[in-house]
Amino acid sequence: MTSSDVKVHIATKEDMKAVSALTVEEEWNYPVDYIETLRLLDPEGFFVAKKGDEIVGTGMAINLNDDFAYFAMSLTKKGHRKQGIQRRIFQERFKHAGNRNIGINSIDERRQEVNTEIGFKLISYQVSCVRGLVDRDALPSVGTLQSSNFKILPLSSVSFDSVVNYDANVVTFHRGYFLELWCKSTGCVTFVSVNENGDIVGYVNARPFMGDFAVVPLIADNTEIAESLFLTLIHHLPDDAFVKLHPVVQNLAAVELAKKYNIQGLVYTITCHFNKNIIPVKLDKVFSVSTPEAI
Ligand SMILES: CC(C)(COP(=O)(O)OP(=O)(O)OC[C@H]1O[C@@H](n2cnc3c(N)ncnc32)[C@H](O)[C@@H]1OP(=O)(O)O)[C@@H](O)C(=O)NCCC(=O)NCCS
């Protein structure tokens, strides 16, 4: 079998429903609005493979800035695999990303082998996706954890640029456009931690995700700030909300924070690769990454 009757196109907003359905078949369960937000990050880099009118594969290249891109959502519909469809989507993605350094994730050993073979030879951190229902009866109140040298505020009370600059200092590249779309999309909630001088020392964003709330990201200067941000968020969410965290496995404080609040159901662990250079993210400040697909 060949993929000669398959055409690879730039995806449209209308395609997102079918792409979401593909993820549901794979038990990734990405809601339409989440995928649409990913598409809006870089509309020219979101591809679908079509056989006639049927979407049989997808994959995206998000050009986050002039130097850095991320590949995500590599998925071919069951029954259409091993026909070269993903290989063709990869070609389009590499074209779109140009000379940028590119990051990609592997969900298992086979993907690690393939990603290494196709050029992503630099292996970096791992991220786990864990899910759980926080035991609210055991929660300390927000005020008891918060020390006097920082406070927690809603996003609307600080300048958005200061959050973008704080984030850029941790992830080591600027992603203002991404954060604007990400934190300000419908249903998202963001809190920011500020020190006595008014400097940002952490922030957390959560978004509804198929009935759960995904913490994407939780970034803070230290564990105390991260925990306070997390508790503020939890007090804000419905009592029966399951929470998903994406701690960097190498950040033991992040892993412990998830355990402490009973977020322990392992959904998957992914390994991050790069093709040109490993982005030197300050992982000790990352308690939950921004998307399972990127940093
Ligand atoms: C992984 C997946 C996307 C491959 O799609 P596909 O259309 O069957 O892949 P192709 O037919 O183009 O390629 C055949 C093989 O060559 C690999 N391949 C793809 N592009 C390649 C390239 N440029 N060079 C070398 N190998 C390549 C593929 O990964 C695949 O490996 P496999 O033995 O693991 O299936 C598909 O199996 C799938 O959707 N799996 C479930 C979702 C998933 O795990 N996605 C990856 C998340 S990290």
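The ligand sits in the largest pocket of this predicted model, where a pocket is an open set of points, on a 1 Å grid over the protein atoms alone, that has protein on both sides within 12 Å along at least five of seven lines, and where a molecule sits in a pocket if more than half of its atoms lie within 2 Å of the grid points of that pocket. Because the model is predicted, local features need pLDDT of at least 70 and side-chain atom pairs count only at pLDDT 80 or more, whereas totals for chains, interfaces and linings use all residues. Residues are numbered from 1 along each chain as its sequence is written, and side-chain values use heavy atoms, with hydrogens and water left out.

The shell around the ligand holds 20 residues, of which Thr76, Lys82, Gly84, Arg87 and Arg111 come nearest; a residue is near a molecule if one of its heavy atoms lies within 4 Å of it. By class, the shell has six nonpolar, seven polar and seven charged residues, where Ala, Val, Leu, Ile, Met, Phe, Trp, Tyr, Cys and Pro count as nonpolar, Asp, Glu, Lys and Arg as charged, and the others, Gly among them, as polar. At least two residues of this shell are supplied by each of β4 (68–76), α3 (85–97), β5 (101–106) and α4 (109–117), these elements being DSSP runs numbered from the N terminus (helices are H or I with at least four residues, strands are E with at least two). The largest share, four residues, comes from α4.

In the side chain of Arg111, an N or O atom is 2.5 Å from an oxygen atom of the ligand, and for the side chain of Arg110 the corresponding distance to a ligand oxygen atom is 2.9 Å. Taken alone, the ligand exposes 880 Å², and the protein buries 84% of that, with accessible areas computed by the Shrake-Rupley method with a 1.4 Å probe and, for residues, only the protein chains shown counting as cover.

Helix α4 also shows local features at its two ends. At its start, a side-chain oxygen of Asp108 reaches to within 3.3 Å of the backbone nitrogen of Arg110, and just after the helix, Gly119 takes a positive phi of about 120 degrees. Asn115, which is found in α4, is buried, with a relative accessible area of 4% (buried means under 20% relative accessible area, exposed over 50%, and partly exposed in between, with a 1.4 Å probe and protein chains only).

Among the strands that supply the shell, β5 contains Asn101, a buried residue with a relative accessible area of 6%, and a polar atom of the Asn101 side chain lies 3.0 Å from the backbone nitrogen of Lys276. In strand β4, Met73 has a phi near 65 degrees, a positive value in a residue other than glycine, and at 4% relative accessibility Met73 counts as buried.

The peptide bond from Val216 to Pro217 is cis, with omega near 5 degrees, and Pro217 has its place in strand β10 (residues 212–220). Lys285, in the loop between β12 (265–274) and β13 (286–288), is buried with a relative accessible area of 18%, and the side chain of Lys285 makes a polar contact of 3.4 Å with the side chain of Asp221.

The loop between α6 (160–171) and α7 (176–183) includes Thr172, which has a positive phi of about 70 degrees although it is not a glycine, and which is partly exposed, with a relative accessible area of 35%. His174 lies in the loop between α6 and α7 and is partly exposed, with a relative accessible area of 47%. In helix α7, Cys183 counts as buried at 6% relative accessibility, and Cys183 and Asn205, although 22 residues apart in sequence, are 6.4 Å apart in space, C-alpha to C-alpha.

Note on methods: Polar contact = N/O pair within 3.5 Å; in protein donor to acceptor, adjacent residues only side chain to side chain. 1 Å grid on protein atoms, 1.4 Å probe; cavity = no way out; pocket = protein on both sides within 12 Å on 5 of 7 lines; lining within 4 Å.
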